[in-house]
Amino acid sequence: MTDEKLYIVLMGLPARGKSTLAGRLRDAFRKDGIPTRIFNNGKLRRSYLPLQETARSEFYSPKNLTAVELRKKIAIMNMERAKSYLHNSGQIAILDATNAGRERRVTIEKTLDNHPLLFIECINDDEDILTLSVQEKIKLPEFAHLKDKAATEFLKRIDYYRMIYKPLKVERNYIRIDSLQNMIIEEKHSDAIPFYDRLRDYLVTDEVKNLFLIRHTESEYNIVNRIGGDPPLTENGKVQATSLGRFFRKKKISFIFTSTKQRTIDTAKIICEMQDDCRIISLQEFDEINAGICERMTYDEIEENMPHVFKRRGANKYHYVYPDGESYETMKPRITQGIKKAFFLNRYANNIMIIGHQAVNRMILSHFLYRREDDVPYIYIPQDRFYHIVSTQDKKLFELKRYN
Ligand code: F6P
């Protein structure tokens, strides 16, 4: 076994996914038998300083010199702890903090100079995700006393960090990662970095703890074979949604992602009503395939009135773009974006659900299952069953289950 040692120093504005990443890396390296520990500045700060003071945004103002000094002390304390961990049995020390300014990073490089050091910058500027992440963060006990001011205070804290933020550039070794896409944007290493290949792989691996993928229950259009539009659920659809709700009652679903169409939202509402703490997040990314000039028609009407469309789509369903609409192929980027958003928010929850549509769910399934492109538009998507999907470092599960 190798006895190489490494400092990993995270960097990024608050709510960019640093702590989740730190946890994922620690778990993965520990499973590989490499002693790894996280040194989190926020955790240390909370154990030394009164929450009444540190939850307030002013504590993070670069002009608040007393607080700047206190925060620096905490950071140095963690550097010393990390150093002593690697001096003993530890092999990887992960320093989890914003480390937004150059000055702090110079101190880190100078203090932790006895082993290779790699910075990882987490970047994510998606407004939807940021808003939802902030709403989750302020549920922490630390913010309880701020009541309805908590979100504003947290956003102000982010703005203060933004004032001193300098992206990684001159540091010797770094990776800049889009933490929503799990995609490396830029990497540079001037020194030999131990464990680099597997670290890189862990960084880009998507994880989902428990995803329940469901198709909306029966809509008014389903019973007459009409496509697209924004129809409501039928009475039978509401009964199906109630059975789903009962089935998932004990599962504790924290987020239900839907499209912006009422058939998915209404299915979600019925399920959510039977949960204690469940939030519906409607994303355009999960809207059904746009059938353009064929929206709201039945397949028979399309065949009769637009035989060329019917024939051409039948011959090449994956690639065929409806006039003024989409194809399975052109939908793919937005579906992938929706999946990434759901995965990002899965960090705040054990169980999440996506309530999608026929074509949408086919695309989501093809993200996990290998299918030839030509076969994707024919994946069977029943309305009386759901998929349960787990994809973590040590578990891959894919099952189609009945709910009633
Ligand atoms: O029929 C329901 C539906 O969700 C339509 O709104 C959509 O156009 C269709 O399924 C997608 O399935 P296909 O690609 O097989 O036409």
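Guide: One term first. A helix here is a DSSP run of H or I with at least four residues, and helices are numbered from the N terminus. Keep in mind too that this is a predicted model.

Now the ligand. A residue belongs to its surroundings if one of its heavy atoms lies within 4 Å of it. The residues that qualify are Arg-215, Ile-227, Gly-228, Glu-288, Ile-289, Tyr-299, Arg-313, Lys-317, Tyr-328, Gln-358, Ala-359 and Arg-362. By class, this shell holds 5 nonpolar, 2 polar and 5 charged residues. Helix 14, residues 358-368, gives the most to the shell, with 3 residues.

Look at the side chains next. Tyr-299 places a side-chain N or O atom 2.6 Å from an oxygen atom of the ligand. Tyr-328 does likewise, with a side-chain N or O atom 2.6 Å from a ligand oxygen. For Arg-362, a side-chain N or O atom and an oxygen atom of the ligand are 2.9 Å apart. On its own, the ligand has 400 Å² of accessible area, and the protein covers 94% of that.

Step back to the sheet that helix 14 packs on. This open sheet has 6 strands in the order 9-8-10-7-11-12, with mixed pairing. Strand 9 (279-282) and strand 12 are at the edges, each with a single partner strand, so one side of each has no neighbour in the sheet. From one strand to the next, the twist averages 20°.

Strand 8 (residues 255-258) and strand 10 (residues 352-356) run parallel and are joined by 4 bridges. Within that pair, Phe-255 has Ile-352 of strand 10 as its bridge partner. Helix 9 (residues 235-248) packs on the sheet and touches strand 7 (208-215), strand 10, strand 11 and strand 12. The direction of helix 9 makes about 160° with that of strand 7. Helix 14 touches strand 7, strand 10, strand 11 and strand 12 as well. Its direction makes about 150° with that of strand 7.

Strand 11 (residues 385-391) and strand 12 (residues 396-402) run antiparallel, joined by 7 bridges. A hairpin of 4 residues links strand 11 to strand 12. Ser-391 stands opposite Lys-396 in strand 12.

There is also an open sheet with the strand order 2-3-1-4-5-6. It has 6 strands and mixed pairing. Its edge strands are strand 2 (36-40) and strand 6 (183-189), and each pairs on one side only. Neighbouring strands are turned by 15° against each other on average, direction ignored.

At one end of that order, strand 5 (residues 173-178) pairs with strand 6 in the antiparallel sense over 6 bridges. Asn-173 has His-189 in strand 6 as its bridge partner. Helix 1 (residues 18-31) lies across strand 1 (6-11), strand 2, strand 3 (92-96) and strand 4 (117-123). Helix 1 runs at about 160° to strand 2. Helix 5 (residues 102-111) packs on the sheet too, touching strand 1 and strand 4. The direction of helix 5 makes about 155° with that of strand 4.

Key: Residues are numbered from 1 along each chain as its sequence is written. This is a predicted model: local features need pLDDT of at least 70, side-chain atom pairs count only at pLDDT 80 or more; totals for chains, interfaces and linings use all residues. Side-chain values use heavy atoms; hydrogens and water are left out. A polar contact is a pair of N or O atoms within 3.5 Å; within protein, one must be able to donate a hydrogen and the other to accept it, and residues adjacent in sequence count only if both atoms are side-chain atoms. Accessible areas come from the Shrake-Rupley method with a 1.4 Å probe; for residues, only the protein chains shown count as cover. Helices (H or I, at least four residues) and strands (E, at least two) are DSSP runs, numbered from the N terminus. Ala, Val, Leu, Ile, Met, Phe, Trp, Tyr, Cys and Pro count as nonpolar, Asp, Glu, Lys and Arg as charged, and the others, Gly among them, as polar. Two strands pair if DSSP finds at least two bridges between them. Axes are lines fitted to C-alpha atoms, for helices over the stretch in contact, and angles run from 0 to 180 degrees between N-to-C directions. Contact means heavy atoms within 4.5 Å.
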